[in-house]
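Colleague: I am new to this structure. Please pick one part of it, look at it closely, and then place it in its surroundings.

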Amino acid sequence: MEPKCHNFSRNVEQALANRNLQAAISRTTGRFLEHRNAAVRSFPGDFEAAREAASRLKLATLRDLDIHLSRFIEEAERRGATVHIARDAAEARDIATRIAKDEGIALAVKSKSMATEEIGLNEALEGAGIEVVESDLGEYIIQLAGEPPSHLIAPAVHKTREEVARLFSEKLGETYTEEIPELVAIARRRLREKFLSAGMGISGANFLVAETGSVAIVSNEANARMATTLPRVHMVVASIEKVIPLMSDLPPMLRLLTRSATGQPISSYVSVLTGVRRPGDAEGPSKLHILLVDNGRSAILRGKYREMLKCIRCGACLNICPVYQTIGGHAYGWVYPGPMGSVLSPLLLGLREASALPDASTLCGACADVCPVKIPLPDLLLELRADARAQGHRTPGEVLGMKGFAAIMGRAGILEALERIGGVVCRLLFKDGKIPWLPFILSGWTDRRDFPAPAVRPFRKLWKSKRGVLPWNR
Amino acid sequence: MCEHGEFASLILGGMAPSAPVTASLFFTCLADALYPNVALATATVLERFGVTVRVPLSQTCCGQPAYNSGHRKEARKMAAGFLRAFDGDGYIVTPSGSCAVMVKEMYPVLFRNEPRMLDLACSVGERVFELSQFLVDVLGVTDPLSAFKGKVTLHDSCHLVRGLGVREQPRRLLRAIPGVELVEMEDSDRCCGFGGVFSVKNPHISCAMVEKKIERILATGAQYVTSGDLGCLMNIGGAVSRSGYPVQPIHLAEILAGPPPDEET
Amino acid sequence: MEPLGSKDALIRRIHAALHGHDERAAEPGAGPPGPPGPSAPSAPPASVEKRVAHFSEALRSAAGTVMSGDLYAFLPALGEALRTLGVTALLVPEGDPVARELADALMPLGPFRLASTSELLHGNSPVTAGIQSAEFAIAESGTVVQTGRGGRTLLPGLVTEVHVALVRPDILVDRMEDVLSVLAADPPRTISFITGPSRTGDIEQTLTLGAHGPKTLIAVITQSP
């Protein structure tokens, strides 16, 4: 999808004006958090120790990513997979389209995958005349609506049942119903036909196991199982940091992933898929293409943002983020929302497109506390802010303001003089001690808030001259 | 990035010190210019417990606004000024969780490529304490001896609770005040939407967040909302003052100091 | 066609990013072995009774149904449950005599008939219960494990409305690790960990069962032989 991160402030206005969206986000994030917290409380063992171990595992894997990735490729190919490498999104689209064409695919069913959203796979395949159907219910809904996902694991959280009912009746010609079980049944029936007739199933990967060349996928709806069992060709699209070294690394990562995502001890389904259908197998695809997407990751690996590649896409940082809770996912303007998106989008798209995102955080730290792999998200946001300023991305007046601020703060004497002048002037202008409007770049502050007028006698002055006669110190 | 020095190991015991204690007051630029009473109250409480309070008057701002908005050069300049002002010994006490975090956690990042400054930042940083943390963990204060009266709810500031891990200290002090009824709000540690430069760059989101916070404050029926960070109180207070909500923001230090004697009846 | 050697190029690129070497000097494949994985809490193996209890509790909290005890005692209840769910056909994989035996015992309890795999894969299929012996079951999470080993099909637990999994107590293990350690040496094409019925919360976060897979999962814990 075309990134719209540069329109962040306009996106925010729209989000804040949308009452349905506000209600939907607070309901969803609240429930996810509640479930997540309950799952953490009932965690078998020490949750903090498990986070620490998972963080160390991911970091150690990234440190030797070349080795683990080589092993993954070798083992997957040994078991019949064809591995493809895409350096960027455009190359990934080309390769995926060529695979589909070579395999003679007319219809592909997809299970949910952020990597395919990132590279814009659907549009590319559709452009080549291949029908692509999303099979995760949430993705199916937003595909019908022509919208991007607004949450990593609940892509249609912003849609009400009435909106879904309208979509199903308008786009699918189904009888209008607002009953959720009936809507789910409609999707089940319509998508079952697609699963049975599709030539190719496309999935992402939650983890790639280097030891065996296996692909691990979690799902609750069973759509990932359908898409990877029924069609004759399976294409996996995964970014390169999904690799974990060993099969035995999978269970501890899964324990953290599903609990952090939905609060489930385990998702309804976990598929561990290795290679192609073998002689004597009852079912399964006879062709397996694994498309590994770099798209900027090897550059991220190089520098101070490496820890971002630990992310396992659980969405916990979205749910807990007070900013995400206020504006929802679409405002972030691309496929990755919330705190993880505010770090990842600028890294993948560049700060020219997405420099507003790192600024869209209060640095409250809740995301870092909840992250199952301990990504220091606020620290990375701060690094991105510094990089953005160094590259010249700034709001009007910001640099001048900051230089002035630094100059005033450079000398206590100057500061005190200005404080006193400011205090006197403000008390003359604003007798009740409230400043109802601020100028220039500060004006937004006073839209719905007052600013306190500076004290006529700043503390440093009080301390020097009046100490001893102030009430507390008589 | 810093290794704990001897200083940290000596004071993290939480035992009441037997020797006289000296503390430098890191009063913060917000208190200095906008809320001088908060700095005075901090000094008052410290003196009440026998602390000799020094006030380095060459201090200005720790540099957090510059750092948080990515202006590292300016931030380094201000940080260097801070380190000059507070170089020496003894505790450094501040009525602000976020300014404490700036010095303790962010200075080492700012000076990560300057070994000499990094050493200085680490040695100054480990001397820094937020007021309630200092009172409870260092001085072992169990009763702040305050005559403050009122129904109070506590907003956990992000930097205090997640940056410094200070959650219980202010509550213990508040509960020990006979005239104070502490009522907890829902999600007391959810960000109020201030975020320093965030509130300037994203005012609409910030305002929506503070409205949510005020909703929860009002639900407690408290007369006062208190916090260990002036940024939060300025944000909450700005919205309260504009909309006339029936709650009064007050810094924790002011509650601990108690009402000034001439206001007592 | 992607450029020849794109895999080597990727590995070299990553190696250079990690080690700052000249890309040509990089030697993929060399280097220290990977780190040990995070060790999950491991407890001493539980007794069979404990495992059964854990399994049942965990599966029930994942919206699964558990029936255990003497098969002939709860057979009528199972038949009744299937009838209530509207089941008219039973799918039993070939080479699963225990499942077949249960299906035969169920036949008289309702108007059931045996379904074939092919009719389930061609639309307009009857409401079907797939009955299958599980290969493993995991006490920690209440999980039933099916794999494609030995030509087994996984369709009875996938394309049906009801999945009846037969769990012998001796296939119960404590944790997922215990299953993967057995399978890692030569993993079959498909390993499915199944915990409860298919579910979705994608419309207004309302939990709805039977999104794409079975609406109901019934684990039948059979007596040890």
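Modeller: A definition comes first: a polar contact is a pair of N or O atoms within 3.5 Å, where, within protein, one atom must be able to donate a hydrogen and the other to accept it. The model is predicted, and pairs of side-chain atoms are counted only at pLDDT 80 or more.

The part I have picked is the residue C:R13. It belongs to helix α1 of chain C, which covers residues 6-19. Is C:R13 buried or exposed? Its relative accessibility is 8%, and because the limit for a buried residue is under 20%, C:R13 counts as buried. The side chain of C:R13 reaches a residue of another chain: it makes a polar contact, at 2.9 Å, with the side chain of A:D294.

How many residue pairs are in polar contact across it? The rule finds 36, with both residues at pLDDT 80 or more. Helix α10 of chain A (residues 180-197) gives ten residues to the side of chain A that touches chain C, which is the largest share. The interface also has six salt bridges. One salt bridge joins A:R188 to C:E161, with the closest N and O atoms 3.4 Å apart.

In terms of contact, 99 residues of chain A meet 76 residues of chain C. The size of an interface is often given as the accessible area lost when the parts come together. For chain A and chain C the buried area is about 7,000 Å², and carbon and sulfur atoms give 56% of it. Three residues, A:D66, A:R188 and A:R225, supply 10% of the area that chain A buries against chain C, more than any other three residues.

Chain C itself, where C:R13 sits, has six helices and twelve strands. It has 225 residues, and 55% of them count as buried. Of the contacts in chain C between residues at least 6 apart in sequence, 72% join residues at least 24 apart.

Where contacts in chain A have a separation of 6 or more, residues 24 or more positions apart account for 73% of them.

Which chains share the most contacts? There are two pairs of chains in contact, and chains A and C share the most. Chain B does not touch chain C; the nearest C-alpha atoms of these two chains are 19 Å apart.

The other pair is chain A with chain B. Here 64 residues of chain A are in contact with 71 residues of chain B. The two chains bury about 5,800 Å² between them, and 63% of that lies on carbon and sulfur atoms. There are seven salt bridges across this interface, and one of them brings together the side chains of B:K201 and A:E398, at 3.0 Å from N to O. Residue pairs in polar contact between chain A and chain B number 29, with both residues at pLDDT 80 or more. Several elements give two or more residues to the side of chain A that touches chain B, including α1 (8-17), α20 (377-390), α21 (398-409) and α22 (412-429) of chain A. The largest share, seven residues, comes from α21(A).

Aromatic rings complete the picture. A pair of aromatic rings is described by the distance of the centres and the angle of the planes. Over all chains the count is 18 aromatic pairs. In the pair A:W334 and A:Y336 the ring centres are 5.7 Å apart and the planes stand at 75 degrees, so this pair is edge-to-face. Both A:W334 and A:Y336 are buried. In chain B, one aromatic cluster is formed by B:F26, B:F82, B:F86, B:Y107 and B:F111.

Charges also sit over rings. The charged end of B:K104 lies over the ring of B:F129, at 5.3 Å from its centre. In chain A, A:R449 lies over the face of A:W445, 4.2 Å from the ring centre.

Definitions and conventions: Residues numbered from 1 in each chain as written. Chains lettered and ligands numbered in written order. Predicted model: local features only at pLDDT ≥ 70, side-chain atom pairs only at ≥ 80, totals over all residues. Heavy atoms only, no water. Phe/Tyr/Trp six-rings, centres within 6.5 Å; stacked < 30°, edge-to-face > 60°. Buried < 20%, exposed > 50% of the residue type's maximum accessible area, 1.4 Å probe, protein only. Lys NZ or Arg CZ within 6 Å of the ring centre and 35° of its normal. Contact = heavy atoms within 4.5 Å. Buried area = accessible area lost by both parts, 1.4 Å probe. Salt bridge = Lys/Arg side-chain N within 4 Å of Asp/Glu carboxyl O. Helix = DSSP H or I, 4+ residues; strand = E, 2+ residues; numbered from the N terminus.
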